[in-house]
Amino acid sequence: MSNIKSNWDGLTGLFSIVFGLAYGGYAYSLPQPMFGNPLEAIFLPLTVSAIAIFIGVLLIITGGMAPSIIAVKALLNESPKRKSDRRKVAITAIICVFYAMFFEHAGYVVSTSVFMFAMLTVTCGLVFWKKSLLISLIFAVSIFITFNEMLSVNLPPFPFFN
């Protein structure tokens, strides 16, 4: 086991299979068109799903799971600085998911302000919260005015003005 090089192929393959199954399930549940071939609208998403599953199986077969387990163990025994960096990347990914989920419901200005404030807090720390709040509000409002008023590109409005 000591001569096995660590890599993430097995876990990446597992993730690809889970993603392909979930994406395919959602694609299959798309509404059918009123006329024409009922599978025409879901052909491309189902193809992407099948390719993701196929690549995932190939990654698991070629890479194996043992090197991925070694990679996870090496990840757990990292230096505190690298763990802190990885934690910031994970927090950033979570913040991005929440931003995508609330973008349309909370409106552009509110969701983007919260997103930018959270990102600035992750990168700069909570010490500069006043600057972060000011920058996020000015940026979100100025982009909203630029696109909505000057360029006539509609962004999701404020939730309380609907």
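Modeller: Accessible areas come from the Shrake-Rupley method with a 1.4 Å probe, and for residues only the protein chains shown count as cover. By that method the protein chain exposes about 11,700 Å², of which carbon and sulfur atoms supply 74%. This is a predicted model, in which local features need pLDDT of at least 70 and side-chain atom pairs count only at pLDDT 80 or more, while totals for chains, interfaces and linings use all residues. Residues are numbered from 1 along each chain as its sequence is written, and side-chain values use heavy atoms, with hydrogens and water left out.

Colleague: How many helices and strands are there in the protein chain?

Modeller: Helices (H or I, at least four residues) and strands (E, at least two) are DSSP runs, numbered from the N terminus. Here the protein chain has 6 helices and 0 strands.

Colleague: What radius of gyration does the protein chain have, and what would a compact globule of 162 residues have?

Modeller: The radius of gyration is taken over C-alpha atoms, and the globule rule is 2.2 Å times the number of residues to the power 0.38. For 162 residues a compact globule would come near 15 Å, but the protein chain has 22 Å; its C-alpha trace spans about 60 × 60 × 25 Å along the principal axes.

Colleague: Where is S136 placed, and is S136 buried or exposed?

Modeller: Buried means under 20% relative accessible area, exposed over 50%, and partly exposed in between, with a 1.4 Å probe and protein chains only. S136 lies in helix α6, residues 129–150, and counts as buried because its relative accessible area is 0%. Across the protein chain, 23% of the 162 residues count as buried.

Colleague: Which residues is S136 in contact with, leaving aside neighbours within four places in sequence?

Modeller: Contact means heavy atoms within 4.5 Å. With those sequence neighbours set aside, S136 is in contact with S113, M116 and F117. In the protein chain, 65% of the contacts between residues at least 6 apart in sequence join residues at least 24 apart.
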